[in-house]
Amino acid sequence: MSTEATAVVPREVEENDKISIIPGTMTDPQCATFCLQDEDHTLGNALRWAIMKDPEVDFVSYSMPHPSEPKTNVRIQTTEKTTAIDAVTRGLTNVQGICSHIIQTFNTELMKGEFEYEDDEEDNSSIDHISTPSTHHGETSSSPKGTSLKSISQLLHRHRIPILHIKNKNAAPVQISAEQILREAKERQEIAISVPKQKIHDHEELLEYRGRKRKEFEDRIQRSRLHIGEWLKYASWEESQDELQRARSIYERALQVDSSNSTLYLKYVEMEMKHKNISLARNLFDRIVTILPRRDQFWLKYTYMEEMLEEVARARQIFERWMQWEPEEEAWMAYVKFEKRYKELERARVIYERFVHIHPDPKNWIKWAEFEEREGKTEKAREIFARAIEVMGEELMEQRLFISFAKFETRQKEIERARVIYKYALDRIPRSKSQALYNQYVQFEKQFGDKEGIEDVVVGKRRLQYEAELATNLKNYDIWFDYGKLEESTGDVDRVREVYERAIAQVPPAQEKRLWRRYIYLWIRYALFEELETKDYERTRQVYKGCIQLLPHKKFTFAKIWLLYAKFEIRQHNLEAARKSLGMAIGMCPKDRLFKGYIELELEMRAIDRARTLYSKYLEWSPSTCSAWIKFAELESELEDTERARAIFDLAISQPELDMPEILWKSYIDFEVSEEEWGKARSLYRKLLERTAHVKVWISWAHFEASVPEEGQATVARDVFKKGCQAMKDNGLKEERVILLEAWKEFETHQGTTETLKSVQDLMPKMVKKRRQVESEGGVAGAVQWEEYYDYIFPDDQTEKPNFKLLSKAHEWKARMEREKAEKAAKAAAEAAAAEAAAAEAAAAASSSDHAEEPNSDGEAEQSADE
């Protein structure tokens, strides 16, 4: 009796194989990834297209792992009717048939002879002769899939086939599609060569086959002893031959080579489990977890095997042994799930207790609390959250723990508890670590809170933003203003005072007024808040006094602080304190604004004598301030004390230095005009002209004379204009003289006659352009630069009349020269015409006279020429 057996012998793929299966990608016969060596997109794209035409193929794709590696990976997935190896074999056969068909069709067309022959050259330049017309213009010619135009050219050159030029380059009348090419290739393809299968007919032949394979494996192991893949293949083959003892021996030998290889242990134990050798598998697992206790996959497989065998107690013992090594979180959760599957909830709670003790991470506490919540133990879950907050402490607080706690309370309808948790966390966790917590709190208030609660959330968020900004720069007074305003909007007086106290404590680093300008308003805002909002007047007084004591009055002061304090005391009906503070301010650091404010205060109180005294002090301190003199005189004028006001003005104009004298003189003149003292006003104009001959003074004086309600004042005004023009002329002020004449002209236009207006117009100057020499900007020696400017020429200016005569004579000379030049040109043209006419007559006479008369004719010609 003969035994027929078929052995599928897997062949080891070497590195130089053209095609191979990538290890680990063939999970079943219908799915595999093939690697094509020394190939690129040319074969990959064609092979993918050919395999996709196979109806038994579900999926196919290709990729190149890296451009620098000549490899192409092809992934194939087929139906159950075929395998991936058969599919790729059929695809390669189809591609081969397509290429054969293309070459055969090309040769057929080649043999028809419809070409122009050229001799083959020795060099390789003939390869470039086969190209489409676009190739000659620098474009790339396309070729069919799976073939290359250059490869065909090289093939023709190698076989010494003449290179041809196509006569007719038009498209063929009958086009061949890709489907037709594939169909023809399928029809013409030969029967694929299949790998022969070895059939074993008797036991001796089987033993011979096994001995040969074992020798091959032993040789490979001897060559590459450290290559664990060879050991695994050897053991897998022995397992396929049902030689489990030999397979164990091979695994043991491999473990002697590498005793910590996880793959080796995994295959070994899977073999024992596959063949249901439970005792051997247990022994092997015990051995593995002893040698490699930190490899969690072996513990998991061990417990899974025992659980599948319904050995729950044994599986629990294995988990306990595992937990003694304090593994990662996944191991503890696997233990918990194991107990939950068998409804051992108390055991699960104990495991969670141990778990959070070893891994006290907030997420682990949250998992425990969620477990208790799912089991309906609400109080237990709340206790777990509280324990977690206590254990973590303020240093290790995380926002996710509080978020989970608050959400838990929200699910339990404990809204107030959740709100307290949010606020507790926000008060203790830094702003940089609580962004998500704030967002959750805002959402919570929007959903469950009222308007006040939402506003509190927004205010708290902005409060923390201000605190974060102040942490970077405490001297940013703008932030303090916004912060104080925010707290004022909440109505919490204690918080507002705390913010303002912190703000005013940030004194500028240097005693420079520019650094104190924003800081001083913090004190003002604080005082106004205490006065207007809290009505605490004593505290307001203390704020003002504190600010005054802080200011360095010897270097600078702020008048607004003194004035605000004085007005506050007046509102409190404490006039003496207000006067005392302002008097102290004037004595310590006198300023214009302080004097003005104090005087205004006394005038509002109708204390005229005090105001006069303050004006006297003011003018003693600053006698050059014209505004103070003017205000003092106006005060006396309002009090109808004209002589006193006039004396003040006289004293003011007698000061050697004044900051704005023109305003003072104008005020004095306006005062005399208002009192209708015309003579005194004229005397003031004369005094002013003695000090300054400004053109505006002359114009103002002339207008004043014209406005006096007396007869003949227009003539007086003209005399003033005339005197002003003469003064401007004497001083050589041409531009001011023009301005004065323009004002005079306007005066005559409105109040004068035609004759007076014409007389003024006759005095108006002419504008001429002149040149003058200026120094060069670079300061180069010898460099001369000229610039143009406009000058005024007045008709009544005697020094400028010779220039007018010279200019007119120059114009007359230029006109005379042009006229004489034109006369000479006309005379020369007439003489030339006469000479031409005489020459023509002489030539005619010479041709018609006799030879004897020639001398006479010549004499006449010469005479005419001389004429």
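Modeller: Terms first: two strands pair if DSSP finds at least two bridges between them. Helices (H or I, at least four residues) and strands (E, at least two) are DSSP runs, numbered from the N terminus. This is a predicted model; local features need pLDDT of at least 70, side-chain atom pairs count only at pLDDT 80 or more, and totals for chains, interfaces and linings use all residues. Residues are numbered from 1 along each chain as its sequence is written, and side-chain values use heavy atoms, with hydrogens and water left out.

Colleague: OK. In E10, which residue is the bridge partner of Lys769?

Modeller: Tyr790. Strand E9 (residues 766–774) and strand E10 (residues 785–793) pair in the antiparallel sense, over nine bridges.

Colleague: What is the strand order in the open sheet of four?

Modeller: E2-E3-E5-E4, with antiparallel pairing. Strand E2 (19–21) and strand E4 (57–63) stand at the edges with a single partner strand each, so one side of each has no neighbour in the sheet. Neighbouring strands are turned by 20° against each other on average, direction ignored.

Colleague: And which helix packs on that sheet?

Modeller: Helix H1 (residues 41–52), touching E3, E4 and strand E5 (71–78). The direction of H1 makes about 175° with that of E4. Axes are lines fitted to C-alpha atoms, for helices over the stretch in contact, and angles run from 0 to 180 degrees between N-to-C directions. Contact means heavy atoms within 4.5 Å.

Colleague: Zoom in on Thr33. Buried or exposed?

Modeller: Thr33 is in strand E3. Its relative accessibility is 10%, so Thr33 counts as buried.

Colleague: What does the side chain of Thr33 make a polar contact with?

Modeller: The side chain of Arg75, at 2.7 Å. A polar contact is a pair of N or O atoms within 3.5 Å; within protein, one must be able to donate a hydrogen and the other to accept it, and residues adjacent in sequence count only if both atoms are side-chain atoms. Not counting residues up to four places away in sequence, Thr33 also touches residues including Ser20, Ile21 and Val74.

Colleague: Switching to helices. Which residues of H31 are buried?

Modeller: Leu664, Trp665, Ser667, Tyr668, Ile669, Phe671 and Glu672. Their cover includes helix H29 (626–638), helix H30 (642–653) and helix H32 (678–691). After H31 comes Glu676, whose phi is positive, near 60°.

Colleague: Which residues touch the most other members in the largest nonpolar core?

Modeller: Trp480, Leu522, Leu664, Trp698 and Leu740, out of 100 residues. A nonpolar core is a set of buried Ala, Val, Leu, Ile, Met, Phe, Trp, Tyr and Cys residues joined through side-chain atoms within 4.5 Å. A second, separate core of 81 residues includes Tyr234, Trp322, Phe402 and Ala418.

Colleague: Last one. Where is Lys596?

Modeller: In helix H27 (residues 592–604). Lys596 counts as partly exposed because its relative accessibility is 41%. Leaving aside neighbours within four places in sequence, Lys596 is in contact with Tyr618 and Ser627.

Key:
Buried means under 20% relative accessible area, exposed over 50%, partly exposed in between (1.4 Å probe, protein chains only).
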